[in-house]
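The following note sets out several points for a colleague who is examining this model.

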Amino acid sequence: MTFDYIERNGLLYPNIVIEDADRIEALGKYGKLRLEYLHSQKPQMYRELLITGELAEHCECIETLAFQLSEQIHHFYISQYSLPEDDFWTRASAYSTAQMIADEVVCHKLIYV
């Protein structure tokens, strides 16, 4: 691969344009978490995906899988408990707990690997 370079303060930097910037901006919660994790913890993989143009596709794929897993865990947790129809706060607490559990599992299984 050949790159164009930009000189700044006597140093040459590769002129890399992110072609899928709009796709990256449109990422949801899990896609942005994956992007941030790759950038901070796996810079070599991040750079490789960025240079090959596969970064947005990778994050979108992880986001889709993460959302599906989160929904499955959330529904499973809620189905295990009989929630009273008339007690709003108990229901809200159960839904919040289910989402926290789903987020924790998704992060450990898909995002932070």
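How many aromatic pairs does the count come to by the ring-pairing rule? The rule pairs rings of Phe, Tyr and Trp (its six-membered ring) whose centres lie within 6.5 Å; planes under 30 degrees apart count as stacked, over 60 as edge-to-face and the rest as tilted. The count comes to 3 aromatic pairs.

1. Basis. This is a predicted model, in which local features need pLDDT of at least 70 and side-chain atom pairs count only at pLDDT 80 or more, while totals for chains, interfaces and linings use all residues. Residues are numbered from 1 along each chain as its sequence is written, and side-chain values use heavy atoms, with hydrogens and water left out.

2. Tyrosine 37 and tyrosine 112. One of the aromatic pairs is tilted, because the ring centres of tyrosine 37 and tyrosine 112 are 5.3 Å apart and the planes stand at 55 degrees. The pair links distant parts of the chain: tyrosine 37 belongs to helix 2 (residues 29-41), whereas tyrosine 112 is in the segment after helix 5 (88-111), 75 residues apart. Helices (H or I, at least four residues) and strands (E, at least two) are DSSP runs, numbered from the N terminus. Tyrosine 37 counts as buried at 15% relative accessibility, and tyrosine 112 is partly exposed at 38%. Here buried means under 20% relative accessible area, exposed over 50%, and partly exposed in between (1.4 Å probe, protein chains only).

3. Phenylalanine 88 and tryptophan 89. These two rings form an edge-to-face pair, because their centres are 5.0 Å apart and their planes at 75 degrees. Phenylalanine 88 is exposed, with 54% relative accessibility, and tryptophan 89 is exposed as well, with 66%.

4. Nonpolar surface. Phe3, Tyr5, Leu12, Ile16 and Ile51 make a nonpolar surface patch of about 460 Å². Patches consist of residues with over 30% relative accessible area and no salt bridge, with like charges joined within 9 Å and nonpolar side chains (Val, Leu, Ile, Met, Phe, Trp, Tyr) within 5 Å; a salt bridge is a side-chain nitrogen of Lys or Arg within 4 Å of a carboxyl oxygen of Asp or Glu. Areas come from the Shrake-Rupley method with a 1.4 Å probe, and for residues only the protein chains shown count as cover. Leucine 12, in strand 2 (residues 11-14), is exposed at 59% relative accessibility.

5. Asparagine 9. This residue is in the loop between strand 1 (5-8) and strand 2. Although asparagine 9 is not a glycine, its phi is positive, at about 55 degrees. Asparagine 9 is exposed, with a relative accessible area of 83%.

6. Histidine 74. Located in helix 4 (residues 55-79), histidine 74 is buried at 11% relative accessible area. Leaving aside residues up to four places away in sequence, histidine 74 touches Tyr95, Ala98, Gln99 and Ala102, where contact means heavy atoms within 4.5 Å.

7. Overall form. The protein has 5 helices and 2 strands, in the sequence pattern β-β-α-α-α-α-α. Its radius of gyration is 20 Å, well over the 13 Å that the globule rule gives for 113 residues, so the protein is more spread out than a compact globule. That radius is taken over C-alpha atoms, and the globule rule is 2.2 Å times the number of residues to the power 0.38. The C-alpha trace spans about 70 × 25 × 25 Å along its principal axes. Of the 113 residues, 28% count as buried.
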